[in-house]
Amino acid sequence: MANVLFRGSTYLRWVYLLLGAALVLAFVLVDSALVELVKELALPQVVTVIVVAVVVVAPPVLLGVLPAVREVEGIAVESLLGVRFEERPLGPSRNWPQRRRTTLWFCLHLITGGFVGILSTAVVGFGAVLLAAPFRSPGAHELIPGIDYHVTGRWTDLWMPLATIVGLAGLMVLSALIGALLAYTAPRVLGPTPAERIELLERRTATLAERNRLARELHDSVGHALSLVTIQAAAARRVLATDPAFAETALAAMETSARAALADLDHVLGLLRDDRRPGSATAPQATLGDVARLVEATRAGGITVEVHRSGDLATLPAAVSREAYRIVQEGLTNAIRHAGRPAGEVKVDLSISLDSSGLLLELTNPVDASPAVDVASTRGGRGLAGIRERVAVLRGTVEAGLDSGRWRLAVTLPVAVTTKG
């Protein structure tokens, strides 16, 4: 019992119950005025009883079905009862089952709060009188109309302040027990049902998957642009004094790459912020049809890229085409980043073919013969891991490694080829 009295949660739960008592008092004042109005109508007794019952029950029920009540009660329960819901923050009622459970909880709050409020009024009111009893003149004094208590002026009067202390302690213990019962009940009444938990988990999973996809998009697009900027800056610095024209071209390419990276960054951050500004969340995603632009940007950095295409790529499903573009982009980024030689000496062969076996993407580029060029293990990047994740979602295969002094990345994506009739 002593531990209960010294816990801060005990008094917070008492405050929560007193809030219910204050609401009960407000309803009593409104109901009393309405009942008096009904009585003045001189209706038949049966009708009067029914109307009075409706007048008494209707206000808390009507208030309980309001969507915002669940949200407000959730905040109060979390703050004062110390409950943590699976759905945080607890939102407003979205359907009638939630409204019914919220109304049930609201009425439970009113009943328990009204009970504790009456006890608190009695204990505090009578306690104040008994606490001052030893300081009053000996004789009979009225506690409440019809009930007297006697003051003797001796030590035997000490039972009255002791009774007050015991009453207050009992009130706190009872409030703690009722609050603990409410805290146990709240997640089961106010919280989500098993079906709502599944729906909540599905929404969270979808959100995490989308954020993971956006992170890959940001890594691929911005990483590619920054790799180009790095190569171009290094090339411009080497020939700044001897070939100003080439340096100017490299600087212009750097500006273009940086602008593209900023546009992609703004697009992705806009999605993460759920930004509804025009153009932020509706910008089209690149597909294999945009590979030519990607290749031109790479060539502007001094990288030689040979492209070989076969098959009707326009028949590809949009999702496959988007993911294939990002795979090609990441492959070019790795070629730029890990070639280990000047940009002018880097030649990338890119093959994109579509046939009955599916979509084949193959990139090869020269690398140094040292083991340090193994981008899968030594650089600590997410490039190859991101490619594997994309391909796994599309049920494809990935081959990556050194092949006769060249780095080879081969990705096969199963695609049902459609023919135009």
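Which residues form a nonpolar patch on the surface? In this predicted model, where local features need pLDDT of at least 70 and side-chain atom pairs count only at pLDDT 80 or more, totals for chains, interfaces and linings use all residues. Residues are numbered from 1 along each chain as its sequence is written, and side-chain values use heavy atoms, with hydrogens and water left out.

The patch is formed by Val30, Leu34 and Leu37, which together have about 240 Å² of accessible area. Patches are made of residues with over 30% relative accessible area and no salt bridge; nonpolar side chains (Val, Leu, Ile, Met, Phe, Trp, Tyr) are joined within 5 Å, like charges within 9 Å. A salt bridge is a side-chain nitrogen of Lys or Arg within 4 Å of a carboxyl oxygen of Asp or Glu. Accessible areas come from the Shrake-Rupley method with a 1.4 Å probe, and for residues only the protein chains shown count as cover. Leu34 lies in helix H2 (residues 8-40) and is partly exposed, at a relative accessible area of 34%. The classes are buried (under 20% relative accessible area), exposed (over 50%) and partly exposed (in between), with a 1.4 Å probe and protein chains only.

Arg395 is located in the loop between helix H11 (383-393) and strand S6 (397-403). Its phi is near 60°, a positive value in a residue other than glycine. Most residues other than glycine have a negative phi. Arg395 is exposed, with a relative accessible area of 73%.

The protein has 11 helices and seven strands, taken as DSSP runs numbered from the N terminus (helices H or I, at least four residues; strands E, at least two). Of its 421 residues, 38% are buried.
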